[in-house]
Amino acid sequence: MAMKWLRFSLLALGVFSLCCATSGDSSGVKKMKMQFRVFEEYTQALYQRYPDIRIEGENYLPIPIYRHIASFLSVFKLLVIGLIIIGRDPFALFGMQAPGIWEWGQGNKIYACMMVFFLSNMIENQLMSTGAFEITLNDVPVWSKLESGHLPSMQQLVQILDNEMKMNVHMNTRPHHHS
C-alpha cells in the first residue's frame, strides 16, 4: 500500500512539474517582464501609464546546481515521509542502529512527517530564492537588482521605461539608408 502511495506521489510530482512549464508568446503586443516575487503595486501604476504593455511576473531561476539540489531534496522528502509512514527502518539496510530522532519519528508519525515536510520546504525555498528583480522590455534588459543591488523606485522605473520607449520610437522612425 505504501509503495503505491509513494509511486503515486512521485507520478503526481512529475505531472505537476510538467504542467508548471511555461511557454513563450510571440504576439505583436509589447511585453515587459518583471522577475520578482511581489509586483502588484507596480503593475497597476504601470498599466495606467502604459496601457499597451503586457506585464508578466515570474521567478528568476537560481543557478542550476541549486535547482538540482532542491529537486533532489523534494524527492528525498517524499521518500523519508513514505518511510516514516510505513514504519520501515532505512538504517537497518546499512547495518546501523537507528538514531533517536528516527525512533521518536516512529512514535510521532504525524509530527515527524510535518517536520520533514516543513524543514525540507524551507530549505528548498532558500535554494530557489534569488532575490532578483529583473526587468526586460521586449526581451531587452532595462533593470537588474542583481547588478544594482536594489529595487528601483516607481519614479526610477517610469523614467527608465519612458527613456526606453522614446529610444524605441526614435529607432523605429529613423530612415534606413541603403548603400
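Where is arginine 88 found? Arginine 88 is in the loop between α3 and α4. The model shown in these views is predicted, with local features requiring pLDDT of at least 70 and side-chain atom pairs counting only at pLDDT 80 or more, while totals for chains, interfaces and linings use all residues. Residues are numbered from 1 along each chain as its sequence is written, and side-chain values use heavy atoms, with hydrogens and water left out.

View A. Not counting residues up to four places away in sequence, arginine 88 touches Leu83, Leu93 and Trp102; contact means heavy atoms within 4.5 Å. Helices are DSSP runs (H or I, at least four residues) numbered from the N terminus.

**View B. Aromatic pair of phenylalanine 91 and tryptophan 102.** Three aromatic pairs are present in the structure. In this one the ring centres are 6.0 Å apart and the planes stand at 75°, an edge-to-face arrangement. Phenylalanine 91 belongs to helix α4 and tryptophan 102 to helix α5, 11 residues apart, and the pair links distant parts of the chain. Rings of Phe, Tyr and Trp (its six-membered ring) pair if their centres lie within 6.5 Å; planes under 30 degrees apart count as stacked, over 60 as edge-to-face and the rest as tilted.

**View C. Crossing of helices α5 and α6.** The axes of α5 (residues 100-107) and α6 (residues 109-128) come within 5 Å and cross at roughly 120°. Axes are lines fitted to C-alpha atoms, for helices over the stretch in contact, with angles from 0 to 180 degrees between N-to-C directions. α5 is therefore oblique to α6; angles under 35 degrees count as roughly parallel, over 145 as roughly antiparallel, 65 to 115 as roughly perpendicular and the rest as oblique. Ile101, Trp104, Gly105, Gln106 and Gly107 of α5 meet Lys109, Tyr111, Ala112 and Met115 of α6.

**View D. Packing of α3 against α6.** The two axes come within 9 Å and cross at roughly 180°, so α3 and α6 are roughly antiparallel to each other. Contact residues include Leu73, Val80 and Ile84 of α3 and Ala112, Val116 and Phe117 of α6. By class, this contact has 16 nonpolar, three polar and four charged residues; Ala, Val, Leu, Ile, Met, Phe, Trp, Tyr, Cys and Pro count as nonpolar, Asp, Glu, Lys and Arg as charged, and the others, Gly among them, as polar.

Key: Helices (H or I, at least four residues) and strands (E, at least two) are DSSP runs, numbered from the N terminus.
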